[in-house]
Amino acid sequence: MTYKYRGTQPSGLGTTTATRWVAGTHLQHIGYAANADLTSWTFYDRINDGTPDAIDLAYGKDASGNAIYCCTNDSSNKEVSVSSTDVTDGNAWTHIDLDTGGNDQFVIKWTERSNGAAAGVWVTVGKQDSNKSYYRSTDGAANWSEISLNGITGHTTDKITALAGDGSGNWMMAQNDRIYYSTDDAASFSLAHTFTGENITKITGLVYTSATWVISYERSTASNKTFLRSCAASDVTDWGSEFGGGDLPNYGSGNISRTTIVAYQGRILVLPHARRKVAYADVSGKTNSNYNVVNLDDVSGMPSGDDMRDAATDGNKWLLVGEDGLLLESTDNAENWSLKATGIQSGNVTEDITCIVGNVHGPL
């Protein structure tokens, strides 16, 4: 199956072949492996103080345009950790205390900035207390500004797990049944659309690919399933018909309550957090096709009881990571999967892998 890029490719996207993959664990560790050998991983302590879960992981740039990684943590004073420009150096990462409330950040993203600035834009969001805010950095994750969401129509203290940027200055964030949109590099958001009367209770994930925005969500009439919709980048108020559901469950237990969606040139992979089923589909604007659910229990050698926690792709390889160091790989656009490795953290084979990313700059 061949895909062509539908839409404008963001400047600076560069190659879409990862040479390295980086993963975070449910304790304090970070690991890396060469793309050529995903069975050989090196892990080290990224925190050096405490053992917080890694929640989300993203690849982007520092103030000089050098490649770095940012990881969000289940920590009251280390909500974000930032790598050096050499993720293989084995040194603890630099930790950012975003606020005094200790709010977990469930999603972190980086894209190019519309003015071409070397650092691009980092954005992270998660739990919403009375501050109702998200955090943004335009100097390569060195300093972060808290931006209030108090004045946005309909916004509540419910957690946010859906965030993405298009690499051209536009960002989308979602909460419950509402879409918030930014056209100024995530400096501010406003209400763009509400799915009124459609029983949507929580938008759980979001991705941008090939001039298309895609959301995942749950609804009150089928709260145990994950559904999907997409819209063209040209009109974020006009969404296509619902698809998904079927055998694709909603996210599993835990406080994250999110769905990971990764994409490459219109092909999407959907992973509800802490589940053993994924789905794939093709999207273009409001239309979709080829939706299928894959039961990972059917993968040869798949251990019983180990749930999947995160997904990543560079368009060539599609990866899933999960409990007990589980790693699955697809090389045919997420349609068929093989068990690549178990216990990828040597010497600690029961440590769960909670997030993964390749060294390619998105969106793809």
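Start at the largest pocket, whose lining comprises four nonpolar, six polar and seven charged residues by class. Here Ala, Val, Leu, Ile, Met, Phe, Trp, Tyr, Cys and Pro count as nonpolar, Asp, Glu, Lys and Arg as charged, and the others, Gly among them, as polar. You are looking at a predicted model, where local features need pLDDT of at least 70 and side-chain atom pairs count only at pLDDT 80 or more, while totals for chains, interfaces and linings use all residues. Residues are numbered from 1 along each chain as its sequence is written, and side-chain values use heavy atoms, with hydrogens and water left out.

Now select Asp53, Gly254, Ile256, His273 and Arg309: of the 17 lining residues, these lie nearest the centre of the largest pocket. Its volume is about 200 Å³. (A pocket is an open set of points on a 1 Å grid over the protein atoms alone, where a 1.4 Å probe fits, with protein on both sides within 12 Å along at least five of seven lines; lining residues have an atom within 4 Å of a point. The volume is the space filled by probe spheres set on the points.)

Next, colour by pLDDT, the predictor's confidence in each residue, from 0 to 100. The protein chain has a mean of 93, with 95% of its residues at 70 or more. Over residues 1-15 the value is below 50, and this stretch has 33 contacts in the model beyond near neighbours in sequence; contact means heavy atoms within 4.5 Å.

Move on to Trp41, Leu296, Leu320 and Trp337, the residues with the most contacts inside the largest nonpolar core, which has 35 residues. Such a core is a set of buried Ala, Val, Leu, Ile, Met, Phe, Trp, Tyr and Cys residues joined through side-chain atoms within 4.5 Å. Buried means under 20% relative accessible area, exposed over 50%, partly exposed in between (1.4 Å probe, protein chains only). Strand 25 gives the most to this core, with four residues; strands are DSSP runs (E, at least two residues), numbered from the N terminus. Centre on Trp337: leaving aside neighbours within four places in sequence, its contacts include Leu269, Val278, Trp318 and Glu329.

Two loops come next. Gln265, between strand 20 and strand 21, has a positive phi of about 45° and is buried at 12%. Asp324, between strand 25 and strand 26, has a positive phi of about 55° and is partly exposed at 28%.

Finish in the segment after strand 28, at Pro363. A cis peptide bond joins Gly362 to Pro363, with omega about 0°.
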